[in-house]
Amino acid sequence: MNPCYPALLLLAVVAASPSFAQDTSKVDNTAINQRDRHAESATPMDQPNDAADIRLAAAVRKAIVADDSLSTMGQNVKLIAAKGIVTLRGPVKDDAEKARIEAIAKGVPGVATVQNQLDTKH
């Protein structure tokens with residue numbers, strides 16, 4: 001008998017159990033993704049290729065990621081930097097995290113304005 005068989009059988013039983021099923025409503029970003037498909041909505045693909053804008057985006061990203069108090073969602077927000085304007089998008093944990101990320105972005109040298117379009121998860 002294959003020595004991995006008992007472990008595989010246990011994994012199959014756990015995966016098939018109703019309590020193991022994931023609630024997909026918590027990870028469904030369909031509405032947000034549809035919003036982002038409109039031409040008037042800025043997405044990371046709209047990030048200008050200008051060297052100064054790329055440096056600014058990198059500096060904002062570095063500052064956000066350096067804050068260990070932020071959730072993984074918060075550290076992975078979408079951002080676009082263009083001519084000193086930073087647009088923040090994506091889901092975050094709560095209103096406090098939304099405000100914290102905006103404050104971090106505003107504190108980065110070279111940021112003139114922050115457009116906070118972050119969504120809080122409830």
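This is a predicted model: local features need pLDDT of at least 70, side-chain atom pairs count only at pLDDT 80 or more; totals for chains, interfaces and linings use all residues.
Residues are numbered from 1 along each chain as its sequence is written, and side-chain values use heavy atoms, with hydrogens and water left out.

The chain contains five helices and three strands, taken as DSSP runs numbered from the N terminus (helices: H or I, at least four residues; strands: E, at least two). Along the sequence their pattern is α-α-α-α-β-β-α-β. Of the 122 residues, 28% count as buried; buried means under 20% relative accessible area, exposed over 50%, and partly exposed in between, with a 1.4 Å probe and protein chains only. Among contacts with a separation of 6 or more, 62% are between residues 24 or more positions apart, a contact being heavy atoms within 4.5 Å.

Helix α3 covers residues 51-66. Its 16 residues reach 22 Å from the first C-alpha to the last, close to the 22 Å expected at 1.5 Å a residue; the expected span is 1.5 Å times one less than the number of residues. The buried residues of α3 are D53, L56, A57, V60 and I64. Seen down the helix axis, the buried residues of α3 fall within an arc of 100°, so they line one face; the arc is that of the directions from the helix axis to the C-beta atoms. An α-helix has 3.6 residues a turn, so residues three or four places apart point the same way. The face of α3 turned away from the buried side carries the exposed residues R55, K62 and A66. The cover over the buried residues of α3 includes α4 (72-75), β1 (78-82), β2 (85-92) and α5 (95-106). At the N-terminal end, D50 caps α3 through a side-chain oxygen that lies 3.2 Å from the backbone nitrogen of A52. This is a polar contact, defined as a pair of N or O atoms within 3.5 Å; within protein, one must be able to donate a hydrogen and the other to accept it, and residues adjacent in sequence count only if both atoms are side-chain atoms.

Helix α5 can be read in the same terms. It has twelve residues and reaches 17 Å from its first C-alpha to its last, close to the 16 Å expected at 1.5 Å a residue. Buried in α5 are E97, I101, I104 and A105. These residues cover an arc of only 95° around the axis, which puts them on the same side of α5. D95, A96 and K106 are exposed on the other side. The buried residues of α5 pack against α3, α4, β2 and β3. At the start of α5, a side-chain oxygen of D94 comes to within 3.2 Å of the backbone nitrogen of A96.

Next comes the nonpolar core, a set of buried Ala, Val, Leu, Ile, Met, Phe, Trp, Tyr and Cys residues joined through side-chain atoms within 4.5 Å. The largest such core has 18 residues, and those with the most contacts inside it are V60, I64, L88 and I101. At least two residues of this core come from each of α3, β1, β2, α5 and β3 (113-120). Its largest share, four residues, comes from α3. Leaving out residues up to four places away in sequence, V60 touches L79, V86, A105, V108 and V111.

A search of the whole structure finds two salt bridges, each a side-chain nitrogen of Lys or Arg within 4 Å of a carboxyl oxygen of Asp or Glu. R100 pairs with D67, with the closest N and O atoms 2.8 Å apart. R100 is partly exposed at 40% relative accessibility, whereas D67 is buried at 10%. The other salt bridge joins E102 and K106, with the closest N and O atoms 3.0 Å apart. E102 and K106 are four residues apart in α5, and therefore separated by about one helical turn.

Two loop residues remain. S71 lies in the loop between α3 and α4 and is buried at 18% relative accessibility. The side chain of S71 reaches the backbone nitrogen of G74 at 3.0 Å. Not counting residues up to four places away in sequence, S71 touches K93 and E97. K83 lies in the loop between β1 and β2 and is exposed, with a relative accessible area of 76%. Most residues other than glycine have a negative phi. The phi of K83 is near 55°, a positive value in a residue other than glycine.
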